[in-house]
Amino acid sequence: MKKILLALGLGIIMLVAGQAEKPLTPEQKALKNTMQTLSKGLMRIQKAILYNNKQELLAGIRMLKTVETGFLTRHGEALKKYMPKNPNFAISFAKLSEKNIERYVRMMRSDIYSKRDYSRITAGYTHIMQECIGCHQKIRQWKWEEN
Ligand code: HEC
C-alpha cells in the first residue's frame, strides 16, 4: 500500500512539474514535431538495414523526405533562440545541415535502386546521423538531460 501511495505521489509531482514548464511557441512545436519525424525516419532506416527490408528502407526515406524542403533553413530563427551568442551561425548552420541531409537522402534513395549496396546505404545513414548530432551538439553543448 505504501508503495502504491508513493508511486501515486510521485506521479502527481511529475504531472505538476510537467505542467509548470513553459508552453512551447508554435515555432518550437513545429520544430519538435519535425525532429520527431526525422528521428522516426532514421530509426526505420536503421531497422531496414539490420533486417534487410527494402520497404522499411523506402518508408524511412519517405519520412525524411516529408520534412525535406526548406524546413531547417526556415527554422533558423527558432535555432537562433538556442544559440543567442551566435545567431548568424545558427542560420547558416541550419542551411548547411539541411543541404547535406537532402544530399544524403537522395544518395541513399538512388543506391537502393542502382547499387543495392548496403554498406553505401549504411554510410548514408551514418552521414545523416552525423548531421543531426552535429547540430544537437552545438545546441545542447553536449550535456545529458538529467532525468
Ligand atoms: C540545424 C540544427 C538541427 C539539425 C540538423 C537536427 N536537429 Fe534535431 N533538434 C534541433 C533543435 C534546436 C532541437 C530542440 C532542442 C533540443 O531538443 O535540444 C532538436 C531536437 C530534436 C529531438 C528532440 C525532440 C523532442 O521531442 O524534444 C529529436 C528527436 C531530434 N532533434 C532529432 C533529429 C534528427 C533525427 C536529426 C537528423 C535527421 C536532427 N534532429 C537534426 C536542431 C537540429
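1. An oxygen atom of the ligand lies 2.5 Å from an N or O atom in the side chain of Q36, and a nitrogen atom of the ligand is found 2.8 Å from an N or O atom in the side chain of H136. Since the model is a predicted one, these distances should be read as values computed from predicted coordinates.

2. The iron site. Two residues of the chain coordinate the iron atom of the ligand, M35 through SD and H136 through NE2, at 2.0 to 2.1 Å. The iron atom has six donor atoms, and with angles of 84 to 179 degrees among them its site is classed as octahedral. For comparison, the ideal angles for six octahedral donors are 90 or 180 degrees.

3. Where the two coordinating residues sit. M35 belongs to helix α2 (residues 26-51) and H136 to helix α7 (residues 118-140), so that the pair, 101 residues apart, links distant parts of the chain. Is M35 buried, partly exposed or exposed? With a relative accessible area of 26%, M35 counts as partly exposed, because the buried class requires a value under 20% and the exposed class one over 50%.

4. The shell around the ligand. There are 19 residues around the ligand, and those that come nearest are M35, Q36, C132, C135 and H136. Four helices, namely α2, α5 (76-82), α6 (87-113) and α7, each supply at least two residues of this shell.

5. The overall fold. The secondary structure of the chain consists of seven helices and zero strands, and along the sequence it reads as α-α-α-α-α-α-α. Among the contacts in the chain with a separation of 6 or more, 62% are between residues 24 or more positions apart.

6. Burial and surface. The chain has 147 residues, of which 31% count as buried. Its accessible surface comes to about 10600 Å², and carbon and sulfur atoms account for 60% of that area.

7. The side chain of T66 reaches the backbone oxygen of M63 at 2.6 Å.

Definitions and conventions
Residues are numbered from 1 along each chain as its sequence is written. This is a predicted model: local features need pLDDT of at least 70, side-chain atom pairs count only at pLDDT 80 or more; totals for chains, interfaces and linings use all residues. Side-chain values use heavy atoms; hydrogens and water are left out. Donors are N, O and S atoms within 2.8 Å of the metal (3.2 Å for Na, K and Ca); water is not among the atoms, so sites may look incomplete. Four donors count as tetrahedral if all angles lie between 85 and 135 degrees; four count as square planar and six as octahedral if opposite donors are over 155 degrees apart and all others between 65 and 115; anything else is irregular. Buried means under 20% relative accessible area, exposed over 50%, partly exposed in between (1.4 Å probe, protein chains only). Contact means heavy atoms within 4.5 Å. Accessible areas come from the Shrake-Rupley method with a 1.4 Å probe; for residues, only the protein chains shown count as cover. A residue is near a molecule or strand if one of its heavy atoms lies within 4 Å of it. A polar contact is a pair of N or O atoms within 3.5 Å; within protein, one must be able to donate a hydrogen and the other to accept it, and residues adjacent in sequence count only if both atoms are side-chain atoms.
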